[in-house]
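Student: I would like a close look at one part of this model. Please keep the answer brisk and connected.

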Amino acid sequence: MNKKVVKKEKQYDDKEDKRIRKAAYSSSASQILLLFVLIVLFGFTLFNSLYYIGKYYWNEKDYEKGIETIEINNKKNTVFILNQGDIDKKVSENDKEEIVLVNESSIELTTNKDEAKDGKITFDVKYNISENDFPVNLYSKEDSDVRVRFAYSYDNENWTYISNTISTYESTINPLLQNYYDISGIVSTLKIATNFELTSAPGEKSKIYWKSETTIKNKESNLNKGIKANFKIEYKESL
């Protein structure tokens, strides 16, 4: 008698397949997430590197131009000073008959909005002459080879020229016509303003601009003569 052999069909385990696919998907998702994190980190690192390289590059450029930026922070105020470069000029044949060198600086005060009282700062404004090849005048002259005048503004448009006596470490200088000062041959520090005040209401910002206008006569006797100076704002204290 022949026995009938019945083959059992292999049953497909759908649950096992789902577990395998789930594990594979989870592994793939983890790899994608890891790749995304690595891309983000790389992008962040690249951005920071470029930012600091760029910042260093521009700071180097500013340094070459003599530009100085100063930021001072405390619980009450933030102060930002921008001193825009040195004065460094030698007279040449190609210059105009009258050479005018304009140099601007500014100081800005921002007071914390949570403060009960206005913020206040004091600062000095100075014109430091380190080299001056022009002849010294025993008395101030209207037609001096080198003259300078100073002004301030709260909007960088309307300027007030100072006309007070300016002191140096050695003497004083009186103003001439149009608020000019004769500085021919002087090598010293001119104290333009001392303990000048700037105030700002809580949550507000105040800014003041200062500028110097140095005028040099271009004539044959002045060829190749020059002047080096630095016009700057110096922070003193914050109240």
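With which residue does Glu 197 form a salt bridge, and how far apart are the closest N and O atoms?

Tutor: The partner of Glu 197 is Lys 120, and the closest N and O atoms are 3.7 Å apart. A salt bridge here is a side-chain nitrogen of Lys or Arg within 4 Å of a carboxyl oxygen of Asp or Glu. This is a predicted model, where local features need pLDDT of at least 70 and side-chain atom pairs count only at pLDDT 80 or more, while totals for chains, interfaces and linings use all residues. Residues are numbered from 1 along each chain as its sequence is written, and side-chain values use heavy atoms, leaving out hydrogens and water.

Start with where the pair sits. Strands (E, at least two residues) and helices (H or I, at least four) are DSSP runs numbered from the N terminus. Glu 197 counts as partly exposed because its relative accessibility is 44%. Lys 120 is partly exposed too, at 26%. The cut-offs for relative accessible area are under 20% for buried and over 50% for exposed, with partly exposed in between (1.4 Å probe, protein chains only).

Now follow strand 5 along. Phe 123 in strand 5 pairs with Phe 196 in strand 11, 73 residues apart. The ring centres are 5.4 Å apart and the planes stand at 40°, so this pair is tilted. Rings of Phe, Tyr and Trp (its six-membered ring) pair if their centres lie within 6.5 Å; planes under 30 degrees apart are stacked, over 60 edge-to-face, and the rest tilted. Phe 123 is buried, at 0% relative accessible area. Both rings also belong to one aromatic cluster, which Tyr 152, Tyr 154 and Trp 210 complete.

Next comes Asp 124. This residue lies in strand 5, which spans residues 119-132. Asp 124 is buried, because its relative accessible area is 9%. Its side chain reaches the backbone nitrogen of Asn 195 at 2.8 Å. That is a polar contact: a pair of N or O atoms within 3.5 Å, where within protein one must be able to donate a hydrogen and the other to accept it, and residues adjacent in sequence count only if both atoms are side-chain atoms. Asp 124 also touches Ala 193, Thr 194, Lys 232, Ile 233, Glu 234 and Lys 236, among residues beyond four places away in sequence. Contact means heavy atoms within 4.5 Å.

Further along is Tyr 127. Tyr 127 in strand 5 pairs with Phe 150 in strand 6, so parts that are 23 residues apart in sequence are tied together. The centres are 5.5 Å apart and the planes stand at 70°, so the pair is edge-to-face. Tyr 127 is buried at 0% relative accessibility. Phe 150 is likewise buried at 0%.

The structure holds 11 salt bridges. Side chains of opposite charge can pair when their charged atoms come close. Arg 149 and Glu 213 form another of these bridges, with closest N and O atoms 2.7 Å apart. Arg 149 lies in strand 6 and Glu 213 in strand 12, 64 residues apart. Both Arg 149 and Glu 213 are buried. Glu 213 also bridges to Lys 211, at 3.1 Å between the closest N and O atoms. Lys 211 is buried as well. Shared partners join Arg 149, Lys 211 and Glu 213 into one network.

The charged end of Arg 149 sits over the ring of Tyr 161, 4.3 Å from its centre. That of Lys 211 sits over the ring of Trp 159, 4.5 Å from its centre. The criterion is NZ of Lys or CZ of Arg within 6 Å of the ring centre and within 35 degrees of the ring normal.
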